[in-house]
Amino acid sequence: MTPTIDGIAIPDSTLARAITELVRDTETPLLYHHSSRVYYWGALAGKHRSLTFDRELLYAGAMFHDMGLTRRHSSADERFEVDGANVARDFLRAHGIAQTDIDTVWTAIALHTTPGIPQHMHPVVALVTAGVEMDVLGLAYAEYSEAQRAAVVAAHPRTPRFKEDIIQAFYDGIRHKPATTFGNVKADVLADKDPAFCRGNFCSVIRGSAWTG
């Protein structure tokens with residue numbers, strides 16, 4: 001039985017139960033509980049903001065958003081966000097979800113590490129990012145009550161060293177394809193963990209292109 005926190009609960013549906021089972025069986029406990037908290041933070045943010053959103057789609061976006069960090073679903077050359085979005089797309093398609101809804105979830109996952117854009121988009125896109133930003137970065141921390149924070153963490157605990165544990169999980173999921181971090185926040189993870197990492201540079205790409213002048 002999943003808890004209800006200020007009117008927010010994990011959807012009680014066949015689709016949501018299938019999502020829970022798949023993600024719980026695929027991800028580490030660290031990522032599974034993180035993803036579950038992301039759903040609660042995102043849904044609570046939606047309630048705070050008086051947004052109308054489909055809770056099943058938000059749950060899908062939250063739960064699949066880090067599937068691209070798992071060995072089973074990590075490609076050789078795509079951003080991990082795209083890998084996760086593709087897993088969600090295939091799962092939702094197999095369950096007969098409408099293509100427009102699949103596109104919304106795909107976009108929510110693909111953009112969840114791209115600051116400044118998701119909040120201007122569909123509520124599901126905005127709220128997946130809001131949930132991630134709360135759980136990983138503590139953004140808008142004060143907008144949640146102490147009771148809400150305690151209830152979510154009681155249901156899906158943070159590890160004692162979650163900050164370092166999640167950075168390590170990011171690194172483990174992307175270190176085999178450093179080129180995919182060009183121009184996004186995960187380059188900071190590689191720079192933190194690997195002294196030999198050489199960060200891509202946008203201006204160098206411009207100057208080194210085949211164009212003359």
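User: Which helix gives the largest share of the lining of the second largest pocket?

Analyst: Helix 8 does, with 5 residues. Helices here are DSSP runs of H or I with at least four residues, numbered from the N terminus. This is a predicted model, in which local features need pLDDT of at least 70, side-chain atom pairs count only at pLDDT 80 or more, and totals for chains, interfaces and linings use all residues. Residues are numbered from 1 along each chain as its sequence is written, and side-chain values use heavy atoms, with hydrogens and water left out.

User: What is the volume of the second largest pocket?

Analyst: Its volume is about 310 Å³. A pocket is an open set of points on a 1 Å grid over the protein atoms alone, where a 1.4 Å probe fits, with protein on both sides within 12 Å along at least five of seven lines; lining residues have an atom within 4 Å of a point. The volume is the space filled by probe spheres set on the points, which are joined across faces, edges and corners.

User: Which lining residues are closest to its centre?

Analyst: Of the 17 residues that line the second largest pocket, these are Thr28, Leu69, Thr70, Arg71 and Asp172. Helix 2 (29–48) and helix 8 are the elements that give two or more residues to this lining.

User: How does that lining divide by class?

Analyst: It has 4 nonpolar, 7 polar and 6 charged residues. Ala, Val, Leu, Ile, Met, Phe, Trp, Tyr, Cys and Pro count as nonpolar, Asp, Glu, Lys and Arg as charged, and the others, Gly among them, as polar.

User: And how much space lies in the largest pocket?

Analyst: The largest pocket holds about 460 Å³. Val136, Leu137, Phe170, Val185 and Lys186 are the closest to its centre among its 20 lining residues. By class, its lining comprises 11 nonpolar, 3 polar and 6 charged residues.

User: Changing topic: which residues of helix 3 and helix 5 meet?

Analyst: Leu57, Ala60, Gly61 and Phe64 in helix 3 are in contact (heavy atoms within 4.5 Å) with Asp101, Val105 and Ile109 in helix 5. The residues of this contact are 5 nonpolar, 1 polar and 1 charged.

User: Thr104 is in helix 5 as well. Why does Thr104 count as buried?

Analyst: Thr104 counts as buried because its relative accessibility is 13%. Buried means under 20% relative accessible area, computed with a 1.4 Å probe on protein chains only. Leaving aside residues up to four places away in sequence, Thr104 touches His122, Val124 and Val125.

Methods. Buried < 20%, exposed > 50% of the residue type's maximum accessible area, 1.4 Å probe, protein only.
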